[in-house]
Amino acid sequence: MERVIGIDLGTTNSCVAILEGDTPTVISNRGGYKTTPSIVAVTEAGKRLVGHIAKRQSITNAENTVYAAKRLIGRKWKSPQVENAIMTCSYTIVEGPHDDVRLKLRNKVFSVPEVSSMVLQEMKLIAEDYLGEPVKKAVVTVPAYFNDNQRQATKDAGAIAGLDVIRIINEPTAAALAFGYGKDLDTTIAVYDLGGGTFDISILEIGAHGVFKVISTTGDTFLGGEDFDARIMDWLVEGFKEETGIDLRQDRMALQRLRDAAEKAKCELSQMQETELNLPFIISTGRNEALHLQRTLDRATYERLVEDLVERTVDICRQALADAKLGVGEVEDVILVGGMTRTPIIQEAVTTFFQRTPNRGVHPDEVVALGAAIQGAALVEDRQEMILLDVTPHALGIMTFGSNFEELIPHNTTVPTQRAKIFTTSRDHQTAVKIIVMQGDSSKAKENELLGEFILTGLRRAPKGEVEIEVTFEINTDGIVSVSAKDLENGKEQSIQVTASSGLTPDEIKHMLNNADQYMVERRTDEKFEGLRQEADSLMEQVEQMFPEIERVVGSADFGRDAISKARAVVAKTRTAITQKDSVALKEQVEQLARTQRMFKGVVARSE
Amino acid sequence: MSSFDPTQVIRVPSLVEGADIRALPIGPEEAFVLSRVDGSTRESDLCAATGLDEARIEEILGRLNKLGAIQFLNEPTREPLQPRPHPAPTGLHRPNRTIVEAVKAPPSPAQPSALYDPSELDEPVDLVVERRRRILDVFYKLDTLTHYQIFELARDADRKAIKAAYFDAVNVFHPDRYFGKNLGSFKSKLERVFARITEAHDVLTRAASRAEYDEYLAAQTMTRELERAIEESERGDQLEATLRELQVRALRDDGASATDSPDLGVRSTPEYDMAPDPDARRRAISRKLRAVSRGAAARPRAEPLSAEEQKRQALLSLRARHEGRVNQARQQQIDQYVKMADEALAARKFVSATTTLRLAVQLSGNDPALRARLEEAEQQAHAELSDTYLAQGAYEERTGRFLDATRSYEKAARGKPEAKLFDKVAQCALRAGNELHTAVEFGRKAVRAEPGSVRYRQTLIQAYLGAGLKSSALAEIERIEAMNPEGPEIKDWLKRAKHGEL
């Protein structure tokens, strides 16, 4: 049976898991780590780096290293989030052809799903290495508060990576699955998920037959661990400016170092009461002298810096409970997800708000991928009894006269669902009506996300308000939204499947998939070539070392001179094969070299 | 079966196999009837076969049935069981109602119920037939089942039971149970069913929404019963039943002392025994009732009589006695109805008071005093019902069912013809979309009932605009302007209304 992997595509780190028998298991990467940084870089040589290796070179190659691509995925060029990213990111963000966002790395332009696909591909490779077989299907998680465009973009990233994403599920829901899997529970839980870039809170009910029903979910896609880092960075930058008058924000490399230091300090403060930030030679003054940054940050100061962020998450928790129409006492367990929840001030805030100590049974970094793997297995394996009932995080509706948003499916509606409403024409003699499908929670249409539009034509010419159109929204189990509009007079109907826009056309996705495939071929060839080259290098070294000795022993004989010149030719050919990156020729030469080396060894041994 | 006259009670009694007839505690007359029961002779034919009258036959058969000696092949029914080819579209959900009636027939496991075309079961999908049937059975009843019925739960089921039933249903109806399988048209059906059970769960598991729904259901049951009761009492069904009962009772009393004239029953009331439809029978009975009282007063004192005449007289007196009993029983019944009505009124059950009073009025031959009491009760009933309809309307309005809300408010307004309610009707009609004529009609009513209200006029303007009656809207706008209302908001509103921007 085909295995389905679960991937937690995080803002800062990603994780991949699989269900082994009945045990959800996280798969470690080659370096032995259970999570892989969601970082992609392109080197000067045009080489693509993903994960830890990309992270290691991020300071020296800041402009070509993409981190937190998740913050940009599925976003419109004109969104405030993108504007903010342009200001703070060390890489170059450019406008794409469909009001989307592209990233420029070493003069090559990548779409955001493409960059995310590189991370997904890495996770796929980790799983394939472990399983020893190709992986085609995956369940990928996204923040609960992602809108449909962001979800679609994530799905597209999967497609580019050569993965059939059979389901996108919400991160807090995945965490709940991992928490409740195989436990036969009957309970109500809250999942507090503070990730690198987003905050989600979900309230779920777990019942018979392994049914997990989300009651409410809410969150903030602009609130995450990086905002906590940014507070520390601000504090560093302001302090440095006061001291020296120099604004470190102007220097991208300094900025990247500050960011790393801030993240490190944040993590250390979870364990210790104070930490030292030491960044020598942070910037040059232009008078050929370098300045150092050295400061001590204590936990109390840090907590003061981020107090309002923590309070914001608590407010959102309050909202989630209100949406679920539950009292704090009715929540029987609280699960913490995301590395940020290791922060003491956050644990305190959660404990105080929910009036109970959070559950410590789940690993905050791995639980989401485990849940995704469980969902994947539950879908394809008949024996797994588990059903996930999730909700729409945002309302769906259409734009009506006067740019108002008319909601058809309210947020926190369990999917699949269907709703219909009747609308009338807004102008006299109107014969066509444009149905603009939107998603969001504002009554003003322009503040919501556009999902798609279509036109219903052939309406009877009549004074406004007379012709009635029934608009039906349907969300199916796969999260696909269908909208239909029906002229109630003549029964004429028009419908669309709303394909949320990731900012990529199907052709572009296909093209990118081809590129990715080609890259994989190249990468595999590269790996093979690299292996050969190392072997060749070591053989050539050994052979060349033996030349003087061989010359001494058999240099006088004809056959000896012949052998030596042949050996020199092999070495030369090997060098050519390496410079030409010709792996076929190199393989041949490596064999020749090996034979030569064996023969030389034999000659030397006999002469002694 | 299709030849049945749906208004006639037709039963075919048959012997219950294995019943020990000799052990039955019955008399010779009952045994005689039983000897004529053969499984094909109809109840009405038994009258001719035994020479007994219909009421007596009915009574005897009833007793035999109770004793387990006979069974009825066709239980009395007003409608043939199979769905009519063209159900009369009497309401929005009419087709579904027909379906539900059909379902009430004892389900035969081998055959799909007549809810849907059985060929739907043959769709080539990866589901076992039992599962397909279960899905279709629920799917085609979605609009008619209550939130309780959909889970097969009693109205007083506790929260835990509802949750358990919901989780069970999810396990059957969630499409993910069949992920990757070919579901064909069943996928969207499952999604519809799932959405419906989820709605039912969400409503029933929250105390406030459940209370609201229960109240709504109770009110709906109450008003529906009332509507039916009124309809029936107006049709005379219940009066008919009462009169039949009275007659049966009188005959039974007679029977005890009239064993010497066994043929009495047969000829005693040929007119109404033979009358084919209930109305004619009812007319015949009342004619008889009137004739008896007049005849008794007019009869002269008797001379010595011939044997023939004596027998006639005896028969007459027997009949008079019988009819006197009927009259007496009728008066008793009227008194009982009035008493019931009084009790109902005291308990503020205006609906049953109205129904019983109406029966009393009809039984009494339209007694003016009773008539007045009926009208008074009717007025109270309407006012009372109005509140119930109002609550129903409010619930429907809140849950977005504006068409239903329009109807409920309309009924409420019938009981309480107030401007406020007219305006409610108009507003819901506007939001229901399809009901612009109702909106205009009730908008006008509201304005007429309270011409000084700016708000009601605003509703009317919206209705006019919605219905495309621009000049009427403009005239109404001018009227509001003439009223010179205060506040910048209303001025802005009028401005936008003038430009048709609402």
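This is a predicted model: local features need pLDDT of at least 70, side-chain atom pairs count only at pLDDT 80 or more; totals for chains, interfaces and linings use all residues.
Student: What percentage of the 502 residues of chain B counts as buried, and what makes a residue buried?
Tutor: It's 31%. As for labels, residues are numbered from 1 along each chain as its sequence is written, with chains lettered from A and ligands numbered from 1 in the order in which they are written.

Student: What makes strand β14 of chain A mostly covered?
Tutor: Nine of its nine residues, 199-207, are buried. Strands are DSSP runs of E, at least two residues long, numbered from the N terminus.

Student: How do you know which faces of β14(A) are covered?
Tutor: In a regular strand the side chains alternate between the two faces of the sheet. A:F199, A:I201, A:I203, A:E205 and A:G207 sit on one side, A:D200, A:S202, A:L204 and A:I206 on the other, and all are buried, so both faces are covered.

Student: Why do we say that β13(A) and β14(A) pair?
Tutor: Pairing takes at least two DSSP bridges. These two strands have eight, in the antiparallel sense, so they pair.

Student: What about β14(A) and β15(A)?
Tutor: Nine bridges, again antiparallel, with A:I206 partnered by A:F212. In their hairpin, which has three residues between the strands, A:H209 takes a positive phi near 60 degrees.

Terms used:
A residue is buried if 20 or more other C-beta atoms lie within 10 Å of its own, exposed if 12 or fewer, and partly exposed in between; C-beta atoms are placed from the backbone. Helices (H or I, at least four residues) and strands (E, at least two) are DSSP runs, numbered from the N terminus.
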